[in-house]
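Here are my notes on the model you sent over. Have it open while you read, since I go strand by strand.

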Amino acid sequence: MIRIVVADDHTIVREGLKQVLSAASDFSIVGEAQSGHEVLLRVRDLEFDVLLLDMSMPGKSGIELIKQVHGEKPKLRILVLSMHQERQYAVRAIKAGASGYLTKESAAVQLIAAIRKVAAGGAFITEAVAEQLALGAMPQTEGLPHEALSDREFQVFRLLASGEAVSRIAEALSLSVKTVSTHKARIMQKMSMSNPAELIRYAIKHRLIDDLDSEGS
């Protein structure tokens, strides 16, 4: 029996996921979480095999949460279920400790197979993500400018490119305005850009933002 914890801040989504998973006789839902704080409580209090994790939840979420969960329970398999397309976060999620990355739009078709694969010790990623991971592991390979950003810088970059003000980003990520401003300056420097308009054009060109972004919400 594969024991699963479902983590998503939307009750309707959690209920829908549980309904899909109920079709598999070898699955057992042993817990739920609707925030990053609750995810950590379940990880510490429950014994289970797979964490089905939404990338965007209240409190600690995304790459930061994956790193902490993986650090506390390295053997726990994490399958990320995200509204964000693979090119935006998949490689970073895998490097942070996730065992698979699945977009919500494809979840209905692939979810059961993905959980079984990661529970068995495998990885559930597309060929495109596998190629990006392989290229990143090769010596002297030059990637795109945004790939040089840290995970936090990339998070701030996407919010800036979505048109968010520094003060709003600070509030959403529970950071000081000064810290966000420092991240912004480093991002501009690393990407050799001089103004936010260039960041926006770059993000659109490389499809790093989407119309329904809810980063930090």
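The points below start with the sheet and then move to its strand pairs and the helices.

1. First, a reminder that this is a predicted model. Its sheet is open and has 5 strands, in the order β2-β1-β3-β4-β5, with parallel pairing. The edge places go to β2 (27–33) and β5 (100–103); each has a single partner strand, so one side of each lacks a neighbour in the sheet. On average, neighbouring strands here are turned by 25 degrees against each other, if you ignore direction.

2. Now for the helices on the sheet. Helix α1 (residues 11–21) packs on it and touches β1 (2–7), β2, β3 and β4. The direction of α1 makes about 170 degrees with that of β2. Helix α3 (residues 62–72) also packs on the sheet, with β3 and β4 as the strands it touches. Here the angle to check is the one between the directions of α3 and β4, at about 165 degrees.

3. How many bridges join β1 and β2? There are 6, and the two strands pair in the parallel sense. If you want places to look, Ile 2 sits opposite Phe 27 in β2, and Arg 3 has Ser 28 of β2 as its bridge partner.

4. On its other pairing, β1 runs parallel to β3, and 4 bridges join the two. What about burial in β1? Taking buried as under 20% relative accessible area, 5 of the 6 residues of β1 qualify, so the strand is largely enclosed by the rest of the structure.

5. Next along is the pair of β3 (residues 50–54) and β4 (residues 77–82), parallel again and held over 5 bridges. Which residue of β4 does Leu 53 face? Leu 53 stands opposite Val 80. For a figure, I'd show this pair together with α3, given that α3 touches both β3 and β4.

Conventions
Residues are numbered from 1 along each chain as its sequence is written. This is a predicted model: local features need pLDDT of at least 70, side-chain atom pairs count only at pLDDT 80 or more; totals for chains, interfaces and linings use all residues. Side-chain values use heavy atoms; hydrogens and water are left out. Two strands pair if DSSP finds at least two bridges between them. Axes are lines fitted to C-alpha atoms, for helices over the stretch in contact, and angles run from 0 to 180 degrees between N-to-C directions. Contact means heavy atoms within 4.5 Å. Buried means under 20% relative accessible area, exposed over 50%, partly exposed in between (1.4 Å probe, protein chains only).
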